[in-house]
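Please read them with the structure open beside the text.

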Amino acid sequence: MAAPRSVVIDVGKLPWGVEDEEGSAKEEDDAKKSRLDRFPLSRGEMGLFFGVFLFFVVGLLCVYRTMPAAQYGKIKLPRNLSDLRLLKENLATYAEEHPVQFLIGYCSTYIFMQTFMIPGTIFMSLLAGALYGVVRGVILVVFNATAGASSCYFLSRLIGRPLVTWMWPEKLCFFQGEIAKRREKLLNYMLFLRITPSLPNLFINLASPIVDIPFHIFFLATLIGLFPASLITVKAGLALGDLKSVRDLYDAKTLFVLFLIGMLIIIPTLVKRKRTIE
C-alpha cells in the first residue's frame, strides 16, 4: 500500500482569488482617492486662467482710477444686508453727482464678479433696485448678468471641461443626457433652467459649452430667463429696510410662480417628445 501523499495548498493561488480581489479593491480605492486629490487643471490651463483673471483685474483697476474720488471712506463690496444698506446711503449721492462714471464702475464690478463666480452679485442686484428703481434696475441687472454669464461661458470653453468633470461628474452626465433629449427645443429647456432654480446658474454657465450648447441659445436663454428673478430682486431693493434676510427673496410662493412660468415654457418640449415616442 502506497504511503499517503502530503498535499500543500498555496493560499495565494486559491481559485477564489480572495487576496487578489482585496488587493485590486485597495488599488482602485487608492487610484480614486488620487484622482480626487489631484487638481484637474494643467499648468498651461492655470496660466491661461490667471492671465485672463489678471487682464480683468487690470481693466477693473483702470476703471476705478478714472472714477472721481469719494468723500467718504473706502468703498467695499457688500457681504450682508447691513453692508448693503450703508453702501446704498453712501452711493446715492455719488451716483447722482457722477452718473456715467458710477454706472461704468458698477457694470465692470458686476461683470467681473459674474465671470469669475465671485459670490455677492445678489447684493449688487439689490443695490441696482435701491439706486435706479424697478425699470432701469431690471435692465441694468439683466444686462450685467448676461454679459458676465457670457464671459464665464467662454472662459469655461477654454479651460472648464476638466474642472467641471472633476467637480460635478454625476450632475454633468445628467445635464448632458437632458440636453441630448431636447436638442430640437433646446431654447425652451434652457429658459426653464434659467427661470427655475432646478440647477445652479454657476453650473449652467460652466457646463453649457462642455455639453455643446450653442452660444446664441445660451445667450437668449440667459437674457430672457433671468428677467423674472431679476425683477424680484430689484423690487426687493426698493425696500431694503424691510428685508431681514436674502432668503426672504425666494419664499414658497415666489418659487411656485417661477416653476409655473418654467413649466409653461417647457410644455412644448414635453408635448413634442410625447408625440415622438408615440
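**Notes on helix packing and side-chain contacts**

1. Helix α2 passes α5 in a left-handed crossing. This is a predicted model, and the remarks that follow should be read as a description of computed coordinates. The axes of α2 (residues 43-66) and α5 come within 9 Å and cross at roughly 160 degrees; since angles over 145 degrees count as roughly antiparallel, α2 and α5 are therefore roughly antiparallel to each other. On the α2 side the contact is made by E45, L48, F49, V52 and F56, and on the α5 side by S151, L155, L158, I159 and P162.

2. For the overall setting, the secondary structure of the protein chain comes to 11 helices and 0 strands. Of its 278 residues, 37% count as buried. Among the contacts in the protein chain with a separation of 6 or more, 79% are accounted for by residues 24 or more positions apart.

3. Helix α6 (residues 169-181) and helix α7 (residues 186-195) pack with their axes 9 Å apart and at an angle of about 140 degrees, and that makes α6 oblique to α7. In this pair F175, E178 and I179 of α6 meet L186, Y189, M190 and L193 of α7.

4. How many of the residues of α7 are buried? The helix is mostly covered, with 9 of its 10 residues buried. The buried residues of α7 are L186, N188, Y189, M190, L191, F192, L193, R194 and I195, and this list includes Y189, over whose ring the charged end of R182 sits, 4.7 Å from the ring centre.

5. The aromatic side chains give 20 aromatic pairs when ring centres within 6.5 Å are taken as pairing. One of these is formed by Y153 and F215, whose ring centres are 5.4 Å apart and whose planes stand at 55 degrees, so the pair is tilted. The pair links distant parts of the chain, with Y153 in helix α5 (residues 121-167) and F215 in helix α9 (residues 215-225), 62 residues apart. As for accessibility, Y153 counts as buried at 0% relative accessibility, whereas F215 counts as partly exposed at 27%.

6. Ring pairs also link F49, F50, F53, F55, F56, F112 and F116 into a cluster.

7. Which residues are in contact with N205, leaving aside its neighbours within four places in sequence? They are Q114, A149, C152, Y153, S156, R194 and F218. N205 lies in helix α8 (residues 201-207) and is buried, with a relative accessible area of 3%. Among its contacts, Y153 is the residue whose ring pairs with F215, and R194 is one of the buried residues of α7.

8. Phi of M117 is near 60 degrees, a positive value in a residue other than glycine; M117 lies in the loop between α4 (99-115) and α5, and at 32% relative accessibility M117 counts as partly exposed. Phi of D212 is likewise positive, near 65 degrees. D212 has its place in the loop between α8 and α9, and with a relative accessible area of 52% D212 is exposed.

9. Finally, R65 has its place in helix α2 and counts as exposed, at 75% relative accessibility. The C-alpha atoms of R65 and G105 are separated by 9.9 Å, although the two residues are 40 residues apart along the chain.

Terms used: Residues are numbered from 1 along each chain as its sequence is written. This is a predicted model: local features need pLDDT of at least 70, side-chain atom pairs count only at pLDDT 80 or more; totals for chains, interfaces and linings use all residues. Side-chain values use heavy atoms; hydrogens and water are left out. Rings of Phe, Tyr and Trp (its six-membered ring) pair if their centres lie within 6.5 Å; planes under 30 degrees apart count as stacked, over 60 as edge-to-face and the rest as tilted. Helices (H or I, at least four residues) and strands (E, at least two) are DSSP runs, numbered from the N terminus. Buried means under 20% relative accessible area, exposed over 50%, partly exposed in between (1.4 Å probe, protein chains only). A charge sits over a ring if NZ of Lys or CZ of Arg is within 6 Å of the ring centre and within 35 degrees of the ring normal. Contact means heavy atoms within 4.5 Å. Axes are lines fitted to C-alpha atoms, for helices over the stretch in contact, and angles run from 0 to 180 degrees between N-to-C directions. Angles under 35 degrees count as roughly parallel, over 145 as roughly antiparallel, 65 to 115 as roughly perpendicular and the rest as oblique. A crossing is left-handed if the near helix is turned anticlockwise from the far one by less than a right angle, and right-handed if clockwise.
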